[in-house]
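Please look over this model before reading on. My notes are below it.

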Amino acid sequence: MGKVTGFLEIERHDRVYAPVTDRVKNYNEFVVPLSEKDLRDQAARCMNCGIPYCHGTGSAQPGATGCPVNNQIPDWNDLVYNGYWQEAARTLHSTNNFPEFTGRICPAPCEASCTLNIDDNPVTIKTIECAIVDTAFDNGWVTPEIAAVKTGQSVAVVGAGPAGLACAQQLARAGHDVHVYEKFAKAGGLLRYGIPDFKMEKHLIDRRVAQMEAEGVTFHYGAPVGGSTPGAVDPAELLKQYDAVALTGGAESPRDLPIPGRELGGIHFAMDFLTQQNRRVSGEAVNGTDILAAGKNVVVIGGGDTGSDCIGTSIRQGAKSVTQIEIMPAPPERENKALTWPNWPMKMRTSSSQAEGAAREFAVMTQSFEGEGGVVKKLNCVRVDAKFQPIPGTEFVLEADLVLLAMGFVSPVKEGLLTQLGVALDPRGNVAADLSHFTTSVDKVFAAGDMRRGQSLVVWAIREGRLCAQAIDRFLMGSTTLPR
């Protein structure tokens, strides 16, 4: 694959970011692409390693190494190295419906599994993936794939996030009549309303939706399924109307922090804050009271990707200061390759948003909030040991005018859809669905993505959406030709 001696001759060279002083002035993407020559050189570094762990194990189980969608990485690296960009795009799309999403926001477990990562020098897989799909769109190679024969079977997909979109697209290509029900005004789920535009601009979603509509997918917006809000769709009616129903609504119940002072104003869930800003950027109406960081001391509780998104958004809004606290201890600067490779390592990582000017504190627990006039003004914190127990004498105070809770999601929302359908839940509160067939406890109802597996990566959502589509096609037709 690639150039046989490429990894010996060519150093790793990846995309860079626009300067912080420039990029924080707007919400545009700020990654600077590589030239075609650089891309071909980087693809040449892909070695004939024998066992390409970057492919992924093919398992849908948590903890699998490499790429969850099983991208044929050595194959398209070789095609890019030799200049066959259109064939590279075809190969890339054979396993991934939306590589322009993963090429921007995936943490790249493939690179962690790369053989060259043994000495911290992996192939720039994510960069090459993004370049392939962007080149394909620029050249008009991405076109609707319309089914030659219609099956006469119909499927309702509930939720237009990445899992739902992947599931719907695959089912439409199999010839089924697919209808996607989305409670918001536009498709995308957290891709659109959670992930900031500076990480992924939303026109990327719009052009995929246009492709899917041309392939026969019908989108129903402002159509929540279940519940009692005006315009809500009765789940029982979907079961009567469609031959199969796929639940892909995500995991939207945020983890709360029930400590003294939680009722104070100025303490918000991260997704409420991020969704508002994404709506502002796209020109959609903002629901509720504005949550803004301008001129405020912002404290973000939670050290993951959502916390980083809160940091970047707060800085762009003009925050006075941003501090991120995490209850976990600081990870090591470098992993022990002999113990971790080819698995995803726990090590210190600095996101682009964190590099824009946030202070980071590890092994910190918030014990209470204090406020004035009903609005938060400070956090009373303490440092914790390895067992998350407070260390006496380490108490300190953080000034805060805005606190954003970014501690992850615990499960799907139960009220409404899931309660009305009566689907069984697993011990973690997710929809219990068979891992091979994605079937729930309710006849002809399937589940995939975060609603089934719990909060996870976009790439895992795409993977599960594809597998769920394959299972539904098999259920409807007796067999399936849809790829994994």
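Predicted model: local features only at pLDDT ≥ 70, side-chain atom pairs only at ≥ 80, totals over all residues.

1. Local features are reported where pLDDT is at least 70.

2. Parallel sheet. Five strands form an open sheet in the order S8-S15-S9-S10-S11, and their pairing is parallel. The edges are strand S8 (267-269) and strand S11 (359-362). Each has a single partner strand, so one side of each is left without a neighbour in the sheet. On average, neighbouring strands here are turned by 20° against each other, direction ignored.

3. Strand S9 (residues 297-301) pairs with strand S10 (residues 321-326) in the parallel sense, over five bridges.

4. Helix H13 (residues 270-282) lies across S8 and strand S15 (402-405). H13 runs at about 75° to S8.

5. Antiparallel sheet. A three-strand open sheet has the order S12-S13-S14, with antiparallel pairing. Strand S12 (364-372) and strand S14 (396-399) stand at the edges. Each of these has a single partner strand, so one side of each lacks a neighbour in the sheet. Neighbouring strands are turned by 30° against each other on average, direction ignored. S12 and strand S13 (residues 375-383) run antiparallel and are joined by eight bridges. Glu 370 has Lys 378 in S13 as its bridge partner.

6. Helix pair. How do H9 and H18 cross? The axes of helix H9 (residues 162-173) and helix H18 (residues 458-477) come within 7 Å and cross at roughly 35°. The crossing is right-handed. On the H9 side, the contact residues are Pro 162, Ala 163, Ala 166, Cys 167, Gln 170 and Leu 171. H18 contributes residues including Val 458, Gly 465, Arg 466, Ile 472 and Asp 473. By class, the residues of this contact divide into 11 nonpolar, two polar and two charged.

7. Core. The largest nonpolar core has 69 residues. Which residues have the most contacts inside this core? They are Ile 132 and Ile 472. Ile 472 also belongs to the contact of H18 with H9. H18 supplies the largest share of the core, nine residues. Not counting residues up to four places away in sequence, Ile 132 touches Trp 76, Val 80, Trp 85, Ala 88, Ala 89 and Leu 92.

Methods: Residues numbered from 1 in each chain as written. Heavy atoms only, no water. Axes fitted to C-alpha atoms, helices over the stretch in contact; angles between N-to-C directions. Helix = DSSP H or I, 4+ residues; strand = E, 2+ residues; numbered from the N terminus. Left-handed = near helix turned anticlockwise from the far one by under 90°. Contact = heavy atoms within 4.5 Å. Nonpolar A, V, L, I, M, F, W, Y, C, P; charged D, E, K, R; others polar. Pairing = 2+ DSSP bridges. Core = buried A, V, L, I, M, F, W, Y, C linked by side-chain atoms within 4.5 Å. Buried < 20%, exposed > 50% of the residue type's maximum accessible area, 1.4 Å probe, protein only.
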